Amino acid sequence: MGKRNKWRKSMVLAVALAGGLLFNTVQPIEAHAEETSQQMIDKKAKIDAEVKKLETELDQLQQEIDQKVKVFNQVQADIKEVDAGIVETEKRIEQRSTILSERMAAYQAQDNTVGVYLSVVLEAKSFADLMDRVVAVKTLMDADQELVNQQEADKAKLEEQKATLDEKQKELQKQFQELQQKESEMEVKKAENQAKSLALKAQIATKQEEERLEAERKAAEEEAARLRALQAATPVVHVNNNTNNGTSSNNNGASKPQPIIVGSGAGTASSGDAISTAKQFLGRSYVWGGSNPTTGFDCSGLVQWSYKQAGVSLPRTASQQYLSTKRISASEARVGDLVFFSYGSGVAHVGIYLGNNTMIDAQNKGVVIESLDWWNQYLVGFGRIQ
(Lines give C-alpha, C1' and ligand atoms only; values in the text may rest on other atoms or scores of the structure.)
Protein backbone atom coordinates (compact mmCIF):
# COMPACT_ATOMS: atom_id res chain seq x y z
CA MET A 1 0.00 0.00 0.00
CA GLY A 2 2.87 2.35 0.79
CA LYS A 3 4.35 1.95 -2.63
CA ARG A 4 0.99 2.49 -4.28
CA ASN A 5 0.36 5.72 -2.32
CA LYS A 6 3.83 6.96 -3.16
CA TRP A 7 3.13 6.25 -6.87
CA ARG A 8 -0.17 8.15 -6.69
CA LYS A 9 1.55 11.12 -5.06
CA SER A 10 4.14 11.07 -7.82
CA MET A 11 1.43 11.05 -10.50
CA VAL A 12 -0.44 13.94 -8.88
CA LEU A 13 2.78 15.94 -8.69
CA ALA A 14 3.57 15.16 -12.32
CA VAL A 15 0.12 16.21 -13.45
CA ALA A 16 0.37 19.39 -11.38
CA LEU A 17 3.74 20.25 -12.87
CA ALA A 18 2.49 19.48 -16.34
CA GLY A 19 -0.54 21.67 -15.78
CA GLY A 20 1.66 24.50 -14.60
CA LEU A 21 3.89 24.18 -17.62
CA LEU A 22 0.89 24.05 -19.95
CA PHE A 23 -0.60 27.11 -18.34
CA ASN A 24 2.65 29.01 -18.62
CA THR A 25 3.05 28.13 -22.33
CA VAL A 26 -0.55 28.87 -23.37
CA GLN A 27 -0.46 32.45 -22.15
CA PRO A 28 2.28 33.64 -24.56
CA ILE A 29 0.71 31.74 -27.50
CA GLU A 30 -2.67 33.42 -26.92
CA ALA A 31 -0.99 36.81 -26.67
CA HIS A 32 0.88 36.15 -29.94
CA ALA A 33 -2.35 35.04 -31.62
CA GLU A 34 -4.06 38.27 -30.58
CA GLU A 35 -1.14 40.30 -31.95
CA THR A 36 -1.19 38.39 -35.26
CA SER A 37 -4.94 38.85 -35.55
CA GLN A 38 -4.60 42.61 -35.11
CA GLN A 39 -1.81 42.70 -37.63
CA MET A 40 -4.01 40.79 -40.09
CA ILE A 41 -6.84 43.27 -39.53
CA ASP A 42 -4.48 46.16 -40.23
CA LYS A 43 -3.04 44.40 -43.26
CA LYS A 44 -6.50 43.68 -44.67
CA ALA A 45 -7.52 47.31 -44.21
CA LYS A 46 -4.39 48.45 -46.01
CA ILE A 47 -4.94 45.99 -48.87
CA ASP A 48 -8.61 46.97 -49.15
CA ALA A 49 -7.50 50.58 -49.48
CA GLU A 50 -5.01 49.66 -52.22
CA VAL A 51 -7.68 47.69 -54.09
CA LYS A 52 -10.06 50.64 -53.76
CA LYS A 53 -7.37 52.92 -55.17
CA LEU A 54 -7.04 50.65 -58.21
CA GLU A 55 -10.82 50.74 -58.69
CA THR A 56 -10.79 54.54 -58.42
CA GLU A 57 -8.15 54.76 -61.18
CA LEU A 58 -10.44 52.79 -63.50
CA ASP A 59 -13.45 54.91 -62.49
CA GLN A 60 -11.56 58.10 -63.35
CA LEU A 61 -10.50 56.71 -66.72
CA GLN A 62 -14.08 55.63 -67.39
CA GLN A 63 -15.30 59.15 -66.54
CA GLU A 64 -12.87 60.56 -69.10
CA ILE A 65 -14.25 58.15 -71.68
CA ASP A 66 -17.84 59.00 -70.74
CA GLN A 67 -17.10 62.70 -71.22
CA LYS A 68 -15.63 62.02 -74.65
CA VAL A 69 -18.70 59.97 -75.52
CA LYS A 70 -20.90 62.97 -74.66
CA VAL A 71 -18.86 65.20 -76.96
CA PHE A 72 -18.98 62.56 -79.70
CA ASN A 73 -22.76 62.23 -79.39
CA GLN A 74 -23.19 66.00 -79.47
CA VAL A 75 -21.14 66.29 -82.65
CA GLN A 76 -23.28 63.52 -84.15
CA ALA A 77 -26.41 65.51 -83.24
CA ASP A 78 -24.90 68.69 -84.73
CA ILE A 79 -24.19 66.85 -87.99
CA LYS A 80 -27.79 65.60 -88.19
CA GLU A 81 -29.03 69.16 -87.68
CA VAL A 82 -26.70 70.55 -90.36
CA ASP A 83 -27.69 67.71 -92.70
CA ALA A 84 -31.37 68.53 -92.21
CA GLY A 85 -30.66 72.21 -92.91
CA ILE A 86 -28.82 71.32 -96.12
CA VAL A 87 -31.76 69.20 -97.28
CA GLU A 88 -34.19 72.10 -96.69
CA THR A 89 -31.94 74.61 -98.42
CA GLU A 90 -31.43 72.33 -101.42
CA LYS A 91 -35.19 71.79 -101.61
CA ARG A 92 -35.87 75.54 -101.74
CA ILE A 93 -33.18 76.04 -104.37
CA GLU A 94 -34.65 73.26 -106.50
CA GLN A 95 -38.18 74.67 -106.25
CA ARG A 96 -37.04 78.17 -107.23
CA SER A 97 -34.94 76.76 -110.05
CA THR A 98 -38.08 75.18 -111.50
CA ILE A 99 -40.00 78.48 -111.31
CA LEU A 100 -37.15 80.52 -112.76
CA SER A 101 -36.62 77.98 -115.55
CA GLU A 102 -40.29 78.23 -116.51
CA ARG A 103 -40.10 82.02 -116.49
CA MET A 104 -36.96 81.94 -118.60
CA ALA A 105 -38.59 79.60 -121.09
CA ALA A 106 -41.55 81.96 -121.38
CA TYR A 107 -39.31 84.96 -121.89
CA GLN A 108 -37.23 83.20 -124.49
CA ALA A 109 -40.39 82.47 -126.44
CA GLN A 110 -40.68 86.25 -126.91
CA ASP A 111 -38.09 88.59 -128.40
CA ASN A 112 -37.00 89.78 -124.98
CA THR A 113 -38.23 90.23 -121.44
CA VAL A 114 -38.98 93.93 -121.89
CA GLY A 115 -41.03 93.10 -124.96
CA VAL A 116 -43.21 90.75 -122.92
CA TYR A 117 -43.92 93.40 -120.31
CA LEU A 118 -44.37 96.13 -122.97
CA SER A 119 -46.96 94.11 -124.86
CA VAL A 120 -48.91 93.65 -121.64
CA VAL A 121 -48.96 97.43 -121.07
CA LEU A 122 -49.78 98.35 -124.67
CA GLU A 123 -52.76 96.02 -124.74
CA ALA A 124 -54.48 98.05 -122.02
CA LYS A 125 -58.07 99.07 -122.96
CA SER A 126 -58.29 102.10 -120.64
CA PHE A 127 -56.20 104.27 -118.37
CA ALA A 128 -57.44 102.39 -115.35
CA ASP A 129 -56.62 99.11 -117.07
CA LEU A 130 -53.19 100.51 -117.98
CA MET A 131 -52.45 101.41 -114.36
CA ASP A 132 -53.54 97.98 -113.20
CA ARG A 133 -51.29 96.37 -115.82
CA VAL A 134 -48.30 98.55 -114.90
CA VAL A 135 -48.71 97.63 -111.23
CA ALA A 136 -49.04 93.95 -112.15
CA VAL A 137 -45.96 94.06 -114.39
CA LYS A 138 -43.91 95.78 -111.69
CA THR A 139 -45.07 93.24 -109.16
CA LEU A 140 -43.99 90.43 -111.48
CA MET A 141 -40.64 92.04 -112.15
CA ASP A 142 -40.07 92.59 -108.42
CA ALA A 143 -41.12 89.00 -107.72
CA ASP A 144 -38.69 87.72 -110.32
CA GLN A 145 -35.87 89.76 -108.82
CA GLU A 146 -36.82 88.62 -105.31
CA LEU A 147 -36.71 85.02 -106.48
CA VAL A 148 -33.25 85.58 -107.92
CA ASN A 149 -32.08 87.29 -104.71
CA GLN A 150 -33.44 84.47 -102.55
CA GLN A 151 -31.84 81.94 -104.82
CA GLU A 152 -28.43 83.56 -104.53
CA ALA A 153 -28.79 83.90 -100.76
CA ASP A 154 -29.69 80.23 -100.38
CA LYS A 155 -26.83 79.14 -102.61
CA ALA A 156 -24.42 81.10 -100.40
CA LYS A 157 -26.05 79.60 -97.32
CA LEU A 158 -25.70 76.11 -98.79
CA GLU A 159 -21.97 76.60 -99.25
CA GLU A 160 -21.66 77.71 -95.62
CA GLN A 161 -23.67 74.71 -94.44
CA LYS A 162 -21.50 72.33 -96.42
CA ALA A 163 -18.35 73.90 -95.00
CA THR A 164 -19.78 73.54 -91.47
CA LEU A 165 -20.69 69.93 -92.20
CA ASP A 166 -17.16 69.20 -93.39
CA GLU A 167 -15.71 70.70 -90.20
CA LYS A 168 -18.14 68.73 -88.03
CA GLN A 169 -17.35 65.49 -89.82
CA LYS A 170 -13.62 66.05 -89.33
CA GLU A 171 -14.26 66.77 -85.66
CA LEU A 172 -16.36 63.60 -85.38
CA GLN A 173 -13.59 61.55 -86.99
CA LYS A 174 -11.10 62.96 -84.48
CA GLN A 175 -13.40 62.17 -81.55
CA PHE A 176 -14.01 58.69 -82.98
CA GLN A 177 -10.31 57.91 -83.13
CA GLU A 178 -9.59 59.33 -79.67
CA LEU A 179 -12.40 57.26 -78.17
CA GLN A 180 -11.14 54.08 -79.78
CA GLN A 181 -7.63 54.70 -78.46
CA LYS A 182 -9.02 55.41 -74.98
CA GLU A 183 -10.78 52.05 -75.08
CA SER A 184 -7.47 50.38 -75.90
CA GLU A 185 -5.83 52.14 -72.93
CA MET A 186 -8.73 51.12 -70.70
CA GLU A 187 -8.30 47.45 -71.63
CA VAL A 188 -4.65 47.48 -70.61
CA LYS A 189 -5.40 49.34 -67.38
CA LYS A 190 -8.17 46.91 -66.44
CA ALA A 191 -5.95 43.88 -66.96
CA GLU A 192 -3.04 45.44 -65.06
CA ASN A 193 -5.20 46.52 -62.14
CA GLN A 194 -6.92 43.17 -61.99
CA ALA A 195 -3.54 41.42 -61.68
CA LYS A 196 -2.48 43.86 -58.93
CA SER A 197 -5.77 43.45 -57.10
CA LEU A 198 -5.53 39.65 -57.15
CA ALA A 199 -1.95 39.77 -55.87
CA LEU A 200 -3.03 41.97 -52.96
CA LYS A 201 -6.00 39.78 -52.07
CA ALA A 202 -3.80 36.67 -52.12
CA GLN A 203 -1.79 38.11 -49.20
CA ILE A 204 -4.74 37.73 -46.82
CA ALA A 205 -6.37 34.66 -48.34
CA THR A 206 -6.57 31.10 -47.08
CA LYS A 207 -4.25 28.53 -48.63
CA GLN A 208 -6.99 27.24 -50.93
CA GLU A 209 -8.08 30.75 -51.96
CA GLU A 210 -4.45 31.78 -52.43
CA GLU A 211 -3.89 29.05 -55.02
CA ARG A 212 -7.00 30.12 -56.96
CA LEU A 213 -6.12 33.81 -56.79
CA GLU A 214 -2.55 33.09 -57.89
CA ALA A 215 -3.80 31.24 -60.98
CA GLU A 216 -6.16 34.12 -61.81
CA ARG A 217 -3.37 36.64 -61.23
CA LYS A 218 -1.06 34.87 -63.67
CA ALA A 219 -3.80 34.81 -66.31
CA ALA A 220 -4.49 38.52 -65.78
CA GLU A 221 -0.79 39.37 -66.04
CA GLU A 222 -0.48 37.41 -69.26
CA GLU A 223 -3.50 39.25 -70.70
CA ALA A 224 -2.06 42.58 -69.59
CA ALA A 225 1.29 41.74 -71.19
CA ARG A 226 -0.36 40.84 -74.50
CA LEU A 227 -2.43 44.02 -74.47
CA ARG A 228 0.60 46.15 -73.57
CA ALA A 229 2.46 44.63 -76.49
CA LEU A 230 -0.42 45.69 -78.74
CA GLN A 231 0.04 49.30 -77.61
CA ALA A 232 3.18 49.27 -79.75
CA ALA A 233 1.15 48.17 -82.80
CA THR A 234 1.34 50.84 -85.49
CA PRO A 235 0.07 51.01 -89.07
CA VAL A 236 2.18 49.01 -91.50
CA VAL A 237 4.38 50.88 -93.97
CA HIS A 238 3.84 49.97 -97.62
CA VAL A 239 7.04 50.13 -99.62
CA ASN A 240 7.45 49.71 -103.36
CA ASN A 241 10.63 49.04 -105.31
CA ASN A 242 11.17 52.68 -106.25
CA THR A 243 11.03 54.32 -102.83
CA ASN A 244 12.23 53.83 -99.31
CA ASN A 245 9.38 55.53 -97.50
CA GLY A 246 6.36 53.73 -98.87
CA THR A 247 5.24 56.60 -101.08
CA SER A 248 5.39 57.44 -104.76
CA SER A 249 5.42 60.81 -106.49
CA ASN A 250 2.87 62.05 -109.00
CA ASN A 251 3.61 64.45 -111.83
CA ASN A 252 3.47 67.42 -109.48
CA GLY A 253 6.07 65.95 -107.15
CA ALA A 254 3.48 65.21 -104.42
CA SER A 255 3.64 61.91 -102.58
CA LYS A 256 0.83 59.44 -102.06
CA PRO A 257 0.60 56.11 -100.21
CA GLN A 258 1.14 52.96 -102.22
CA PRO A 259 -1.95 50.75 -102.66
CA ILE A 260 -1.98 47.41 -100.88
CA ILE A 261 -2.48 44.21 -102.84
CA VAL A 262 -5.28 42.47 -100.97
CA GLY A 263 -6.58 38.98 -101.67
CA SER A 264 -10.24 38.23 -102.31
CA GLY A 265 -10.53 34.50 -101.64
CA ALA A 266 -13.91 32.93 -100.98
CA GLY A 267 -15.14 32.96 -97.40
CA THR A 268 -16.61 30.18 -95.28
CA ALA A 269 -20.29 29.48 -94.66
CA SER A 270 -20.11 31.09 -91.23
CA SER A 271 -18.41 34.21 -92.59
CA GLY A 272 -21.10 34.47 -95.25
CA ASP A 273 -23.79 34.32 -92.57
CA ALA A 274 -21.95 36.91 -90.47
CA ILE A 275 -21.67 39.28 -93.42
CA SER A 276 -25.38 38.86 -94.24
CA THR A 277 -26.20 39.76 -90.64
CA ALA A 278 -23.92 42.80 -90.66
CA LYS A 279 -25.47 44.08 -93.90
CA GLN A 280 -28.89 44.19 -92.22
CA PHE A 281 -27.64 47.15 -90.20
CA LEU A 282 -26.29 49.28 -93.05
CA GLY A 283 -27.07 52.93 -92.35
CA ARG A 284 -27.48 52.37 -88.60
CA SER A 285 -25.82 55.12 -86.58
CA TYR A 286 -22.60 54.42 -84.73
CA VAL A 287 -23.12 53.97 -80.97
CA TRP A 288 -20.10 53.93 -78.69
CA GLY A 289 -20.06 50.71 -76.69
CA GLY A 290 -22.99 49.26 -78.66
CA SER A 291 -22.93 45.50 -79.16
CA ASN A 292 -26.44 44.51 -80.27
CA PRO A 293 -29.32 45.78 -82.44
CA THR A 294 -31.14 47.21 -79.42
CA THR A 295 -28.30 49.48 -78.32
CA GLY A 296 -26.70 49.94 -81.74
CA PHE A 297 -23.12 49.07 -82.66
CA ASP A 298 -19.56 50.21 -82.42
CA CYS A 299 -16.95 48.56 -84.66
CA SER A 300 -16.09 45.50 -82.57
CA GLY A 301 -19.68 45.19 -81.35
CA LEU A 302 -20.88 44.79 -84.94
CA VAL A 303 -18.22 42.15 -85.65
CA GLN A 304 -18.93 40.22 -82.45
CA TRP A 305 -22.73 40.25 -82.91
CA SER A 306 -22.62 39.32 -86.60
CA TYR A 307 -20.36 36.33 -85.99
CA LYS A 308 -22.34 35.31 -82.92
CA GLN A 309 -25.43 34.91 -85.14
CA ALA A 310 -23.31 32.64 -87.35
CA GLY A 311 -22.38 30.46 -84.37
CA VAL A 312 -18.88 31.89 -83.87
CA SER A 313 -17.81 33.34 -80.52
CA LEU A 314 -15.48 36.35 -80.54
CA PRO A 315 -14.18 38.63 -77.74
CA ARG A 316 -15.74 42.06 -77.27
CA THR A 317 -13.06 44.59 -78.26
CA ALA A 318 -10.94 45.21 -81.35
CA SER A 319 -7.72 44.46 -79.43
CA GLN A 320 -9.09 41.20 -78.06
CA GLN A 321 -10.37 40.19 -81.48
CA TYR A 322 -6.93 40.88 -82.91
CA LEU A 323 -5.32 38.65 -80.28
CA SER A 324 -7.84 35.85 -80.84
CA THR A 325 -7.34 35.62 -84.62
CA LYS A 326 -4.54 34.16 -86.73
CA ARG A 327 -2.24 36.66 -88.43
CA ILE A 328 -2.31 36.49 -92.25
CA SER A 329 -0.81 38.67 -94.96
CA ALA A 330 -2.93 41.08 -96.98
CA SER A 331 -2.46 38.96 -100.10
CA GLU A 332 -3.85 35.92 -98.23
CA ALA A 333 -6.98 37.76 -97.12
CA ARG A 334 -10.33 36.27 -98.05
CA VAL A 335 -13.95 37.24 -97.57
CA GLY A 336 -14.90 37.15 -93.89
CA ASP A 337 -11.43 37.78 -92.47
CA LEU A 338 -11.14 40.61 -89.99
CA VAL A 339 -9.11 43.70 -90.83
CA PHE A 340 -7.53 45.76 -88.04
CA PHE A 341 -6.41 49.39 -87.77
CA SER A 342 -4.39 51.61 -85.44
CA TYR A 343 -4.11 55.39 -85.18
CA GLY A 344 -0.61 55.13 -83.77
CA SER A 345 -0.98 53.30 -80.45
CA GLY A 346 -2.66 49.93 -80.22
CA VAL A 347 -5.36 48.22 -82.29
CA ALA A 348 -8.38 50.52 -82.19
CA HIS A 349 -10.67 49.63 -85.12
CA VAL A 350 -11.91 46.49 -86.88
CA GLY A 351 -14.03 45.61 -89.90
CA ILE A 352 -15.12 42.50 -91.82
CA TYR A 353 -13.35 42.11 -95.15
CA LEU A 354 -15.70 41.71 -98.14
CA GLY A 355 -13.16 41.18 -100.92
CA ASN A 356 -12.37 43.59 -103.77
CA ASN A 357 -10.57 45.92 -101.35
CA THR A 358 -13.76 46.65 -99.37
CA MET A 359 -15.04 46.01 -95.85
CA ILE A 360 -18.19 46.47 -93.78
CA ASP A 361 -17.65 48.26 -90.49
CA ALA A 362 -19.24 50.55 -87.93
CA GLN A 363 -17.47 53.89 -87.96
CA ASN A 364 -18.26 57.49 -87.12
CA LYS A 365 -20.69 57.74 -90.05
CA GLY A 366 -22.47 54.54 -89.03
CA VAL A 367 -22.52 51.02 -90.46
CA VAL A 368 -21.17 51.25 -94.00
CA ILE A 369 -19.52 49.30 -96.79
CA GLU A 370 -16.41 51.19 -97.84
CA SER A 371 -13.12 50.93 -99.66
CA LEU A 372 -9.92 50.23 -97.75
CA ASP A 373 -8.13 52.95 -99.75
CA TRP A 374 -8.54 55.67 -97.11
CA TRP A 375 -8.08 53.21 -94.23
CA ASN A 376 -4.78 51.85 -95.60
CA GLN A 377 -2.92 54.62 -93.77
CA TYR A 378 -4.04 53.03 -90.48
CA LEU A 379 -3.84 49.36 -91.45
CA VAL A 380 -2.21 47.00 -88.92
CA GLY A 381 -3.11 43.73 -90.59
CA PHE A 382 -5.63 40.96 -91.24
CA GLY A 383 -6.81 38.24 -88.89
CA ARG A 384 -8.43 34.89 -89.64
CA ILE A 385 -11.00 33.46 -87.25
CA GLN A 386 -9.90 29.98 -86.17
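Student: At what angle to strand 7 does helix 6 run as it lies across the strands?
Tutor: Helix 6 lies across strand 6 (338-341), strand 7, strand 8 and strand 9. Helices are DSSP runs of H or I with at least four residues, strands are runs of E with at least two, and both are numbered from the N terminus. Axes are lines fitted to C-alpha atoms, for helices over the stretch in contact, and angles run from 0 to 180 degrees between N-to-C directions. Against strand 7, helix 6 runs at about 50°.

Student: What pLDDT do local features need in this model?
Tutor: Residues are numbered from 1 along each chain as its sequence is written, and side-chain values use heavy atoms, with hydrogens and water left out. The model is predicted: side-chain atom pairs count only at pLDDT 80 or more, totals for chains, interfaces and linings use all residues, and local features need a pLDDT of at least 70.

Student: What is the strand order of the open sheet?
Tutor: The sheet has 6 strands with antiparallel pairing. Two strands pair if DSSP finds at least two bridges between them. The order is 5-10-6-7-8-9.

Student: Which are the edge strands?
Tutor: An edge strand pairs on one side only. Neighbouring strands of this sheet are turned by 35° against each other on average, direction ignored. The edges are strand 5 (326-328) and strand 9 (366-371).

Student: Which strands does helix 5 touch where it packs on the sheet?
Tutor: Contact means heavy atoms within 4.5 Å. The direction of helix 5 makes about 110° with that of strand 7. The strands touched are strand 7, strand 8 and strand 9.

Student: At what angle do the axes of helix 5 and helix 6 cross?
Tutor: Helix 5 covers residues 269-279 and helix 6 covers residues 299-309. Their axes come within 8 Å. The two helices are oblique to each other, a class left over once angles under 35 degrees (roughly parallel), over 145 (roughly antiparallel) and 65 to 115 (roughly perpendicular) are taken out. The crossing angle is roughly 125°.

Student: Which residues of helix 6 meet helix 5?
Tutor: From helix 5 come Ser 270, Ser 271, Ala 274, Thr 277 and Ala 278. Facing them in helix 6 are Leu 302, Trp 305, Ser 306, Tyr 307 and Gln 309.

Student: How do the residues of this contact of helix 5 with helix 6 divide?
Tutor: Ala, Val, Leu, Ile, Met, Phe, Trp, Tyr, Cys and Pro count as nonpolar, Asp, Glu, Lys and Arg as charged, and the others, Gly among them, as polar. The contact divides into 5 nonpolar, 5 polar and no charged.

Student: Which residue in strand 8 is the bridge partner of Tyr 353?
Tutor: Strand 7 (residues 349-355) and strand 8 (residues 358-363) pair in the antiparallel sense over 3 bridges. Ile 352 has Ile 360 as its partner in strand 8. For Tyr 353 the partner is Met 359.

Student: Over how many bridges do strand 8 and strand 9 pair?
Tutor: A hairpin joins strand 8 to strand 9 through 2 residues. Asp 361 stands opposite Val 368 in strand 9. The pairing is antiparallel, and the bridges number 6.

Student: Why is strand 8 largely enclosed by the rest of the structure?
Tutor: Buried means under 20% relative accessible area, exposed over 50%, partly exposed in between (1.4 Å probe, protein chains only). Strand 8 is largely enclosed because its buried residues number 5 of the 6.

Student: Is Asn 356 buried or exposed?
Tutor: Asn 356 sits in the loop between strand 7 and strand 8. Its phi is positive, about 55°, although it is not a glycine. With a relative accessible area of 65%, Asn 356 is exposed.

Student: Is Asn 357 buried or exposed?
Tutor: Asn 357 is also in the loop between strand 7 and strand 8. Its phi is about 65°, positive without being a glycine. At 17% relative accessible area, Asn 357 is buried.

Student: How far apart in space are Trp 375 and Phe 341?
Tutor: Trp 375 is in the loop between strand 9 and strand 10 (379-384). It is buried, at 1% relative accessibility. Not counting residues up to four places away in sequence, it touches several residues, including Phe 176, Phe 341, Met 359 and Asp 361. Trp 375 and Phe 341 are 34 residues apart in sequence, yet their C-alpha to C-alpha distance is 7.7 Å.
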